[in-house]
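Please open the model in your viewer and keep the selection tool ready. The tour makes a few stops, each with something to select.

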Amino acid sequence: MKQNSPAYDLECLDLAKNFGAVRAVKGVSFNIPSGSFFSILGPSGCGKTTLMRMIAGFEEPSDGDIRIKGKSVLGVPPNRRNVKMVFQHLALFPMMNVYENIAYGLRCAGVSKTHIRRKVHDVLERIALPDVAEREIHQLSGGQKQRIAIARCMVLDPDVLLLDEPLGALDLKLREAMKIELKLLQHQFNTTFIYITHDQSEALVMSDHVAIMNQGLFEQIGTPQELYNRPKTAFVAGFVGDSNRWSGTVKASDGTGGRVETDQGLPMSFSAGAGQTIEEGARVEIFVRPEYIRTVRAAEAGKLAADGDNRMDGVIDSLLFNGANSRLLVRAGSGELVEADVTLTGENDLKSGDEVCLVWSPRQAMCFARQEIA
Ligand code: ATP
């Protein structure tokens, strides 16, 4: 008879962990579909590692349930869960060569020598390092060590692979290359990867879905595009991607849009963030991404801004050069610095000291009821 395999590799239900008075994880629920790349992204101390350690079995939850392939694993020790973990410092055995490192788990499980040989060579092929079996660990590059650490886990056919900031110890250039590499490896193995990080660029580039964690809770789970374009809370809007941010008070609102007076005394039209209803009189935060702000010469503002657009006069303080797509820091009349992206053409480019007008549509001004931001 054909068996239905569970739709989710991992389900967490109201999962919580207290360390005495510290509520490290306050009750999170989520499902991870089979074969996906899922990241947990949040600032230091928000509870990511604690959550990961509960999934791996190193911490017992204070409340809630964890199901792997549909079965609760509460009380099941780490070595009896079909979950493997790659740590930041990789924890490869320096006294063993690559082959022995990868074979170690299979040996402990009593697998025959012939089968081990086949599996080790197969996994080395899959990580595109077929010729390094006899190398010592110190003879590998940083990127190769990462791949061997993953191979050592994947050779055991885990249901879920947990990765605890494994790129944290690498230099910037290698980290960039490894982001792409990790995503390709996850596709290659078609196994669920759960990746924890405080680095949004890692999470956004690699993941099918990302959970944004803050103070022991998930603020939002979504695709990278959803989190970036339709954040549901001020925390998510501020944490994912770059934004200019203003606090203010709502002066007029029809529930989904209206007008705010910022604390600097400037009027600003907005549209409410996803799922938000903004009441008149509410204290709010407004977020505008630098790529949605157009910078036009002060003299041309009248011609180039559409009716209803937000406008702010200022003087260019500096240009953060980054090739054709660079960023301007504009000192607004109210004194604050506003970031705006600009495409440089080489002709008549804007420069420090130029008087400009910043223009953006109310649709690009995401407004949220004020919340504490960690
Ligand atoms: P980082 O990115 O810095 O590693 P994190 O998001 O992984 O942070 P956790 O390590 O899970 O955060 O810690 C969450 C909270 O729980 C923190 O306040 C931390 O001090 C606390 N905590 C973690 N482990 C323990 C423990 N064993 N005993 C007491 N408190 C703990």
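Contact here means heavy atoms within 4.5 Å. Helices (H or I, at least four residues) and strands (E, at least two) are DSSP runs, numbered from the N terminus. This is a predicted model, in which local features need pLDDT of at least 70, side-chain atom pairs count only at pLDDT 80 or more, and totals for chains, interfaces and linings use all residues. Residues are numbered from 1 along each chain as its sequence is written, and side-chain values use heavy atoms, with hydrogens and water left out.

Select helix α2, residues 98–108. Its buried residues (under 20% relative accessible area with a 1.4 Å probe, protein chains only; exposed is over 50%, partly exposed in between) are V98, Y99, N101, I102, A103 and L106. These buried residues pack against α3 (113–126) and α4 (142–154). Go to the start of α2: a side-chain oxygen of N97 comes to within 3.2 Å of the backbone nitrogen of Y99. After α2 comes G110, with a positive phi near 75°.

Next, select the cysteines. A disulfide is a pair of cysteine sulfur atoms within 2.5 Å, and the count by this rule is zero. C46 is buried, at 3% relative accessibility; the closest cysteine sulfur to its own is in C12, 15 Å away, too far for a bond. C108 is exposed, at 55%, and its sulfur lies 13 Å from the closest cysteine sulfur, in C153, also too far for a bond.

Last, select β9 (residues 209–214) and β10 (residues 217–222). Strands pair if DSSP finds at least two bridges between them; β9 and β10 pair in the antiparallel sense over five bridges. I212 stands opposite Q220 in β10. The two strands form a hairpin with two residues between them, and Q215 in the turn has a positive phi of about 50°.

Technical notes:
A polar contact is a pair of N or O atoms within 3.5 Å; within protein, one must be able to donate a hydrogen and the other to accept it, and residues adjacent in sequence count only if both atoms are side-chain atoms.
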